[in-house]
Amino acid sequence: MLDVKTLRGDLDGVAAQLRRRGYELDTKRYQALEEERRTLQVRTQELQNERKTRSKAIGQAKAAGEDIQPLLDEVSALSDRVSEAEEGLAAVQRELHEIHLGLPNLPHPDVPDGDDESDNVPLRHWGEPAAFDFTPRDHVALGALANGMDFEAAARIAASRFVVLRGPVARLHRALAGYMLDVHTREHGYEEVYVPYLVAPQTLEGTGQLPKFEEDLFAVSGDHPLYLIPTAEVPVTNLAGQQIIEAAALPLRMVAQTPCFRSEAGSYGKDTRGMIRQHQFEKVELVHISHPERSYEALEELTGHAERVLRDLGLAYRVVTLCTGDMGFAAAKTYDLEVWLPGQQAYREISSCSNTEAFQARRMQARWRNPETGRPEPVHTLNGSGLAVGRCLIAVLENYQEADGRVRLPEVLRPYFGGAEYLS
RNA sequence: GGAGAGGUGGCUGAGUGGUCGAAAGCGCCGCACUCGAAAUGCGGUGACCCUUUACGGGGUCCGGGGGUUCGAAUCCCUCCCUCUCCGCCA
């Protein structure tokens with residue numbers, strides 16, 4: 001949610017910034033609604049004040065043993081007028097609130113303009129795409145070779161866009177997640193958290209998935225309206241929701257490994273082969289709850305923490321700054337990490353690190369106490385994959401394959417395999 | 001799943017349908033006392049929103065929602081949550 005004070009004070013400025021990311025705000029309608037709201041609110045509060053004062057007087061008169069009937073007659077109609085005013089105000093406020101919930105975040109000034117991913121700006125590279133003296137297989141072929149990746153079984157017991165991993169491949173998957181958690185908790189100072197995978201609608205509203213993107217989610221049938229989380233960002237960031245955090249406690253850094261569930265509606269033709277785009281995948285997620293003035297330093301740090309994993313694994317990657325048109329709804333600035341996949345001869349997204357500034361914090365009322373003002377103010381929230389485990393599995397398989405189809409293990413993963421050099 | 005108890009400010013915990021955003025204690029902040037600290041005394045100390053250049057003024061909030069009433073923390077309905085006992089279970 002944007003700051004309503006900014007919206008009121010600089011509506012055209014806000015509209016211009018939203019236009020950068022392709023969002024057209026109807027400023028005339030907004031202005032009109034806002035004026036209506038102001039009038040109604042002032043009027044409503046006056047009426048409430050009158051009712052309060054008069055009711056108090058009745059109480060006093062009664063206590064004094066006076067006849068209160070004349071007073072009662074006098075206020076009899078007032079109550080209805082108050083309710084009427086309250087309802088009118090509530091309706092306008094609901095309408096404004098809906099608009100507010102639908103507005104995407106403002107892009108940071110540094111974010112390049114653009115329409116889609118082709119306008120993203122590469123920032124830096126690390127490592128060189130692996131050279132093979134044979135034609136590298138993709139992960140589907142490698143997985144089949146090891147009898148460790150079974151899409152048919154998954155389709156049989158669930159649906160397409162699921163996978164069953166077996167044996168060494170399943171173990172590699174677990175090792176990757178374990179390794180990431182170990183690095184982030186031991187060396188980067190994150191607190192490991194275990195969170196619900198089903199969350200309430202207001203939680204998804206807090207991070208921005210609802211109300212606009214319900215079609216991307218899986219809802220669960222039952223007595224409670226619950227959704228499967230599309231990312232651990234949702235439950236973990238919301239841990240700060242409805243809280244007032246003392247300044248000394250900032251920043252909070254949390255890491256969680258969770259499955260992520262996405263309906264992938266609207267991506268029917270895309271990445272149908274293999275594990276690239278699944279309805280369920282595992283991710284190790286990093287979340288920062290930051291002091292507002294330090295959130296951009298935090299974004300660099302967080303991105304660095306995700307990069308660290310790729311470097312440790314010896315995987316070539318690049319960092320790109322997303323353009324205004326490719327950024328997520330809640331983000332003010334996003335870096336994507338793209339790993340080299342020999343099977344596709346392309347860099348593919350493996351992590352996305354964003355600063356949402358106060359956008360999510362306002363929605364979920366995540367605040368800190370500013371010692372300078374003594375008042376609660378919104379924190380800044382950041383999140384990033386550190387990393388997407390499924391895609392990381394693909395990257396390791398494809399980058400570490402040898403001519404005979406065997407897969408060598410990156411040094412840092414060998415302790416998770418009893419020191420073995422090869423996956424088996 | 002069955003039976004019962006309860007959800008009040010940072011915490012503990014009072015609260016009669018009427019001047020209650022709410023006693024008291026603790027905690028925290030300021031001041032006084034002190035060389036300093038402790039103890040003590042005095043004062044202050046919730047969130048959200050509207051309005052105002054400012055000083056200030058006003059409204060809402062006692063788990064959520066709805067109702068009764070001139071007036072609801074207090075009465076009624078409903079949902080959620082917590083605790084205790086029983087059952088069941090990883």
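Reader: What makes the pair of Ser55 and RNA strand B a polar contact?

Author: A polar backbone atom of Ser55 lies 2.8 Å from a base nitrogen of RNA strand B. A polar contact is a pair of N or O atoms within 3.5 Å; within protein, one must be able to donate a hydrogen and the other to accept it, and residues adjacent in sequence count only if both atoms are side-chain atoms. The Ser55 value of 2.8 Å meets the distance rule. The model is predicted: local features need pLDDT of at least 70, side-chain atom pairs need 80 or more, and totals for chains, interfaces and linings use all residues. Side-chain values use heavy atoms, without hydrogens or water, residues are numbered from 1 along each chain as its sequence is written, and chains are lettered from A and ligands numbered from 1 in the order written.

Reader: Which elements give two or more residues to the surface near RNA strand B?

Author: Helix 3 (27-63), strand 14 (366-370) and strand 15 (375-378) do. Helix 3 gives the largest share, 15 residues. A residue is near if one of its heavy atoms lies within 4 Å of the strand. Helices (H or I, at least four residues) and strands (E, at least two) are DSSP runs, numbered from the N terminus.

Reader: Which residues come nearest, and what classes make up this surface?

Author: Of the 24 residues around RNA strand B, Arg8, Arg37, Gln48, Asn49 and Ser79 come nearest. The surface has 4 nonpolar, 10 polar and 10 charged residues. Ala, Val, Leu, Ile, Met, Phe, Trp, Tyr, Cys and Pro count as nonpolar, Asp, Glu, Lys and Arg as charged, and the others, Gly among them, as polar. On the RNA side, 68% of the atoms within 4 Å of the protein belong to sugar or phosphate, and the rest to bases.

Reader: How many aromatic pairs are there?

Author: The count is 7. Rings of Phe, Tyr and Trp (its six-membered ring) pair if their centres lie within 6.5 Å; planes under 30 degrees apart count as stacked, over 60 as edge-to-face and the rest as tilted. One of the pairs is Phe132 with Phe134, at 5.3 Å centre to centre and 70° between the planes, hence edge-to-face. Another is Trp340 with Tyr347, also edge-to-face, at 5.1 Å and 70°. Ring pairs also link Phe213, Phe329 and Phe359 into a cluster.

Reader: Why is Phe132 called partly exposed?

Author: Its relative accessibility is 22%. Buried means under 20% relative accessible area, exposed over 50%, and partly exposed in between (1.4 Å probe, protein chains only). So Phe132 falls in the middle class. Trp340 and Tyr347 are both buried.

Reader: What makes Arg406 a charge over a ring?

Author: Arg406 lies over the face of Tyr422, 3.8 Å from the ring centre. The rule asks for NZ of Lys or CZ of Arg within 6 Å of the ring centre and within 35 degrees of the ring normal. The distance of 3.8 Å is within that limit.

Reader: Why are strand 1 and strand 4 called edges?

Author: The open sheet has 8 strands, in the order 1-11-12-13-16-10-9-4, with mixed pairing. Strand 1 (121-126) and strand 4 (191-192) each have a single partner strand, so one side of each has no neighbour in the sheet. Two strands pair if DSSP finds at least two bridges between them. Strand 4 and strand 9 (252-261) run parallel, with 2 bridges. There, Glu191 stands opposite Met254.

Reader: Is Ser295 buried or exposed?

Author: Ser295 is buried, because its relative accessibility is 0%. Ser295 belongs to helix 11 (295-312). Its side chain makes a polar contact of 2.9 Å with that of Asn355.
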